[in-house]
Amino acid sequence: MADNPLFNAPRNSQMELERVYFWTNTIHNWKRLLTQDKYKQVIIDCWGELVDRGKITVYAFVIMPNHLHVIWELREPNGKEMPHASFNKFTSHQFLADLKVHHPQVLPYFLAQEGKRTYGFWQRDALAIHMDTPAKVLQKIDYIHNNPLQAHWNLATRPDAYKWSSARFYETNEDEFGFLTHYAERFG
């Protein structure tokens, strides 16, 4: 992934409300922080909370060991900040709290190089691509759901066999996460 030109080019992480985006967020220095399920669950819980509060709509996602992809719509600000900023802030606080208690030896890998923060868990160059047609959305959903099957990951043998994605939702129409919306509800 790190040698893919799409992920090495300067990124545009700007998103507007009421528009659908394919968003890639990467753990600082591609560290595999998200290998442990408890950190994936932090992400799931955060998305669930933001959906419940009407801040976002999630159409598809996958959580990989060192990054995530999500197709989502930012619906309204979360207080004074955009929902993706709240997502980064909340998940970072949860990661930090757990690492301090259970894995303090890992914290030096996430020392911040800038600003007031001591630690940084998400890279500052998230990728946001506006999804303005059903064809684009379908292509990205396919990419997302097949990401765990790539040879260098080998996390599952079928898209719906990987727990940490929306693939099973699109196969069975059952939302085990409780926050997914089928893309057809937005794109017809």
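Predicted model: local features only at pLDDT ≥ 70, side-chain atom pairs only at ≥ 80, totals over all residues.
The strands form an open sheet of four, arranged in the order β2-β3-β1-β4 with antiparallel pairing. Its edges are β2 and β4, each of which pairs on one side only, and the twist from one strand to the next averages 20°. Between β2 and β3 the antiparallel pairing extends over seven bridges, and Val58 stands opposite Trp72 of β3.

Two helices lie across strands of this sheet. Helix α2 lies across β2 and β3 and runs at about 165° to β2, whereas α3 lies across β1, β2 and β3, running at about 25° to β1.

The largest nonpolar core comprises 53 residues, among which Trp47, Phe61 and Phe95 have the most contacts inside it. At least two residues of this core come from each of β1, α2, β2, β3, α3, β4 and α4. When neighbours within four places in sequence are left aside, Phe95 is in contact with Ile27, Leu33, Leu34, Tyr39, Val42, Ile43, Phe121 and Trp122.

Helix α4, which spans residues 134-146, has 13 residues and reaches 18 Å from its first C-alpha to its last, close to the 18 Å expected at 1.5 Å a residue. Within α4, the residues Val137, Lys140, Ile141, Ile144 and His145 are buried. Seen down the helix axis, the buried residues of α4 fall within an arc of 130°, so they line one face of the helix. These buried residues pack against the strands β1, β2, β3 and β4, and also against α5 (167-172) and α6 (184-187).

How values were computed: Residues numbered from 1 in each chain as written. Heavy atoms only, no water. Expected span 1.5 Å × (residues − 1). Buried < 20%, exposed > 50% of the residue type's maximum accessible area, 1.4 Å probe, protein only. Arc of directions from axis to C-beta. Contact = heavy atoms within 4.5 Å. Core = buried A, V, L, I, M, F, W, Y, C linked by side-chain atoms within 4.5 Å. Pairing = 2+ DSSP bridges. Axes fitted to C-alpha atoms, helices over the stretch in contact; angles between N-to-C directions.
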